[in-house]
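Have the viewer open and follow along.

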Amino acid sequence: MENHGRGYGPRPEGGAGAPLDAGPPAPLPYEGVWRFTAPAVDASVPQARHAVRDLLLRQGVPASDDLVHGLLLIVSELVTNAVRHAALLSPMLAVEVAVGTEWVRVSVEDNHPYRPTALEADHGRTGGRGLLLVREIAREAGGVCDVEHTASGGKVIWAALPLKPAR
């Protein structure tokens, strides 16, 4: 995995008494953005989940067990959707983890142009509830999720959850 910079979150600016040459506050050790790619195949689902879990542990992200479990379920659902629905037009997918001082964001990007929507579940179907689950996990944690188009014509589906230190 590559570190493509530090977290995107807003940073407090120095007060009136701050020295003029003072730069922005140093990021916390766990802040950053990491992105990795994987083939759009079934084996990438557990690999992505394990990579995200290991990253959070290695960086020392102060997340509760519940938050980590929710993030890993979101990653599993989003990668599964990319494998099942986008692989024909997008043989590779990208997973990104961005951690700021107060939030963590996971996203999955593919090059398929179809933008899914979380529809009401059809109780007669055995599948098709992945995005509903992602939206509910994000909502219960006080976070948000969305789908956006990429400049290359694909899409990125993301969820951002508030980072609450483990108790």
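Which residues in H2 meet which residues in H3? On the H2 side they are Gly-70, Leu-73, Ile-74, Glu-77, Leu-78 and Asn-81, and they meet Gly-130, Leu-131, Leu-133, Val-134 and Ile-137 in H3, where contact means heavy atoms within 4.5 Å. By class, this contact of H2 with H3 has 7 nonpolar, 3 polar and 1 charged residues. Here Ala, Val, Leu, Ile, Met, Phe, Trp, Tyr, Cys and Pro count as nonpolar, Asp, Glu, Lys and Arg as charged, and the others, Gly among them, as polar.

Before going on, a word on what you're looking at. This is a predicted model, in which local features need pLDDT of at least 70 and side-chain atom pairs count only at pLDDT 80 or more, while totals for chains, interfaces and linings use all residues. Residues are numbered from 1 along each chain as its sequence is written, and side-chain values use heavy atoms, with hydrogens and water left out.

Back to the helices. Two packed helices are described by the angle between their axes and the distance between the axes. H2 covers residues 65-86 and H3 residues 130-140, and they pack at about 155° with their axes 9 Å apart. That makes H2 roughly antiparallel to H3, a label for angles over 145 degrees. The axes are lines fitted to C-alpha atoms over the stretch in contact, and angles run from 0 to 180 degrees between N-to-C directions.

Now zoom out. The chain has 3 helices and 6 strands, which are DSSP runs (H or I, at least four residues, for helices; E, at least two, for strands) numbered from the N terminus. From the N terminus on, the elements run β-β-α-α-β-β-α-β-β. Of the 167 residues, 42% are buried, meaning under 20% relative accessible area with a 1.4 Å probe, protein chains only. Take contacts between residues at least 6 apart in sequence: 69% of them join residues at least 24 apart.

Val-108 sits in strand E4 (residues 103-110) and, at 4% relative accessibility, counts as buried. Leaving out residues up to four places away in sequence, Val-108 touches several others, including Leu-78, Val-95 and Ile-157. Leu-78 is also one of the H2 residues that meet H3. Val-99, in strand E3 (residues 92-99), is buried with a relative accessible area of 1%. The C-alpha atoms of Val-99 and Glu-31 are separated by 5.0 Å, though the two residues are 68 apart along the chain.

Definitions and conventions
Angles under 35 degrees count as roughly parallel, over 145 as roughly antiparallel, 65 to 115 as roughly perpendicular and the rest as oblique. Buried means under 20% relative accessible area, exposed over 50%, partly exposed in between (1.4 Å probe, protein chains only).
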